[in-house]
Every structure is written in structure tokens, then in C-alpha cells.
There are 2 protein chains.
Amino acid sequence: MKAVVLLSGGLDSSAVLYQAKTDGCECYAISFDYQQRHRRELDSAAAIAHQASVVEHQVVKFDLRLWGGSALTDNAIEVPQHRSISEMQDRIPVTYVPARNTIFLSFALAYAETIGAERVYIGVNALDYSGYPDCRPDYIQAMQEVFRLGTKQGREGKQISIFTPLINLKKTEIIQLGNTLGVPWQETWSCYAGDDVACGVCDSCQLRLAAFAELGLKDPLPYAQI
Amino acid sequence: MKAVVLLSGGLDSSAVLYQAKTDGCECYAISFDYQQRHRRELDSAAAIAHQASVVEHQVVKFDLRLWGGSALTDNAIEVPQHRSISEMQDRIPVTYVPARNTIFLSFALAYAETIGAERVYIGVNALDYSGYPDCRPDYIQAMQEVFRLGTKQGREGKQISIFTPLINLKKTEIIQLGNTLGVPWQETWSCYAGDDVACGVCDSCQLRLAAFAELGLKDPLPYAQI
């Protein structure tokens, strides 16, 4: 059974790739070069894809900076630092990129239909990223309907199903899951800041570090500040 | 009121752009350079956007050839010629590109949310292109739900609505509509073959020519063969 796995190179999508393997899928990874500031994650995606022995790893390139509007793609907006977890969860964050998961899932759908895959895996999470509209179950359900109606394969009754194994997990539970699956965390990348060493103080680094700490584990990735 | 208009440079999307203008919208056109063989349509899109005095015309570039599987992007598959209209409508055609409208609408959604547009116009047509799964009303309805749930703007109750003014029109009716709107047909491009002059014998040229002929009108575009 073939599966397309959305792989950013971060902690969540890496865990999802290992989950898809464990589910018995032949995995086809897809990553996106959208001129994100934290381009280091693309190297991590390639390293993880290699370690997980995927059948193929496609990197789709396009330019979302055209539209600005997010701290992840617009150099004029600062990536927040040193915020508390409750501040992060307060509202839709500046790191929100308009329609990002919709674009990602659309390309994954095209890839899945071309190779005849039955599944698309995505590491969305409704808890730690509650601020993002396109990480919630009702949104995934709506995309599932698009997958069914928007493809030749779906119209012919061979549904391409969206799998979201992390959707109801806390970050600590994702790390526990990844540990049982053997995810090489030292190869993953979460930092939004765009430097060569993870900053340790952006929202993404903080959420990751807090989760490892809560489990009494050490994150094997080096950080500039902790 | 701002509107994003998907503009391929073809007859249908050009009519849609003029319809959006007539509806009182400030128009932002978006086109896609996906390494399609019929790249001439991008020049047509630029010419039409200019003539229609759009506020902005974005061309998003990405590579769908990665996946092959369609005569429009895979040089190894022949574009059908000299087929009868009933043969064209028989089944999902080889010119089908997996998830193409889903990818296009996703980028349009990102653009719409970034500029604060209330509408996205797309020239899908359920009659002449009945073979394409992603041109049908139920598919558009599913994407509308993604627009609502997958964006910050939609979650806050400011819906971005998908307008499909051509969905129930026949090609002849689209031409009649375009004539009343003043669409400059000579600037549009429909041919799939990828040459400098429209071939006149691919499905797309044939449908267009047949519609002009049925109305007793002359298509102002030059053709290699008629």
C-alpha cells in the first residue's frame, strides 16, 4: 500500500513518517520549498527521508513570499521569542501562513493520484497548534471531501484517505510515540528563526524543549540558548 | 470589493475576468506556470489582465511535470487530435491533470486571504468539461467548505466565496456572454498543442471553433488548420 507523507523535517512530520512505515506503507515523502526563512528544515527532511528509506522524496518549489502576511515568509515580520505557552495559544499566530496546509495537501493529492497511493499522511495537531485553522479535524474532514470529489481516483470509488495520527496527541505524547517508533530526533528541525543552530526561544523551539523536559528527556538537538 | 480571478488566458477564464469586473470587483488575477506544454497561454493571460486593467497579476510558478500522468504536462503522452465531441466527452480525458484545480484554488485562497478578498472567481464548466472531476458543482461545494474552515478569515465569519459564473453554460453561451462583456477573444488562447499558432484540431481548439461556428461567428484567432 502506497502512502504520500507530508514531511517538513520537523518533529511531528518525522514521527508521522515512521508511523506510516509501521502501518505497513511504502512511503513517498513530499516537502515544500516555499522560500521559508527556516530553510534548514529542508535538509532535515532529506536526512529523515533517507534514514526512513522512503521510495521517493519530492521537493516541490514555489514562492509564497509573494503574499507576505506571515512571520515565516515575510522578513519584515519578527518571529516571536520568549513567549509563554499560553501567549502562543491565545490566538491565530503571526507564524500562520494563509492556506498553507491547503496548498500542501493539494500537492500531496496530485502526487498520490499520480502514483496510485491510497493514503496521505499529515502531522497536523489540534492541541499544540490550536491557533491554526488548518490543523483542526473539521478542516481535515473538508479536505477529505475534496480528495474524494476532486480526483478521477476518488470519483471511481478508490478513495485517497487522509491520515492524521497526531491530531489528538500532546507534544509529549508525540515524543513518546516517536521514541517507540525509533524516530531520529537529532535529525529533525523545528526552529523558526532561520539560523544554523536552533535558537531555543522561538515558539516552536520552546514547545519542543518544554515537551522533552516534561518527559524528563534531553532533546538531542543542540540549541543556541535554553 | 476585492476578487481573485483565476486566469489561464483561455476563453472561459477571460470571460470570467470580465464578468468579475462587471460585478463591480477590483480584480487581482492569478495565473500558473506549471511547465505546461501550451505555455503560450501565459502570454495571453498577461495580455488579457492588462486589457482588463486588473489591480495586480500574479504568476505562480511550480513544476507539475514531476508527476507526469497528463498529456498537458508529460511530453511522452500525445495530445489527442481530430476527435469528435462525443469522443471527448466519453470519459476522463488524458488532458486531465491530477488535482489541478485543487492546487489552483488553494493558491487563489492564499492570495485572497492575504489581500483580504471576499471572492474567488473560477471559470469551471460542468457541461463541456464533464469529464473533469474538479469542474463539477459538488467539488466546488467541497472546496467552498475548505475555504471556510481552512482560513483565519473564514473562521472569523468573513467567508471567501467561490464564484463560478460559467458552471452551467454551454460554450456557445460563454461566447455570447463574453460578447456582451467585451472580451477581446483575439487575445485569448485555448490550444493544447504548444505551438505558436493554434492547431485547430486538438480537443480544446475544436470545442472553441465549433462553438463560434454554431453561433455563425468567426473566431478572430488565426488557426493552422480548420
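I began with a bridge: A:Lys2 has A:Glu26 as its bridge partner in S2(A). Strand S1 (residues 2–6) of chain A and S2(A) run parallel and are joined by five bridges, where strands count as paired if DSSP finds at least two bridges between them. Helices (H or I, at least four residues) and strands (E, at least two) are DSSP runs, numbered from the N terminus. I noted that this is a predicted model, in which local features need pLDDT of at least 70 and side-chain atom pairs count only at pLDDT 80 or more, while totals for chains, interfaces and linings use all residues. Residues are numbered from 1 along each chain as its sequence is written, and chains are lettered from A and ligands numbered from 1 in the order in which they are written.

Next I followed the chain from S1(A) through H1(A) to S2(A), a β-α-β crossover that is right-handed, meaning that, with the strands pointing away from the viewer, the path from the first strand over the helix to the second runs clockwise. S2(A) is also joined to S3(A), by six bridges, and these two strands run parallel; here A:Tyr28 has A:Glu56 as its bridge partner in S3(A). The crossover from S2(A) to S3(A), by way of helix H2 (residues 40–51) of chain A, is right-handed.

How many of the eight residues of strand S2 of chain A are buried? I found six, so that the strand (residues 26–33) is mostly covered; buried requires 20 or more other C-beta atoms within 10 Å of a residue's own, exposed 12 or fewer, and partly exposed lies in between, with C-beta atoms placed from the backbone.

I then turned to helix H7 (residues 171–181) of chain A, whose buried residues are A:Lys171, A:Ile174, A:Ile175 and A:Gly178. Because these fall within an arc of 100° seen down the axis of H7(A), they line one face of the helix; the arc is that of the directions from the helix axis to the C-beta atoms. They pack against helix H1 (11–22) and helix H8 (203–214) of chain A. After H7(A) comes A:Gly182, with a positive phi near 80°.

Last, I looked at where the chains meet: 36 residues of chain A are in contact with 36 residues of chain B, contact being C-beta atoms, placed from the backbone, within 7 Å. H4(A) gives the largest share of the side of chain A that touches chain B, ten residues.

Key. Contact = placed C-beta atoms within 7 Å.
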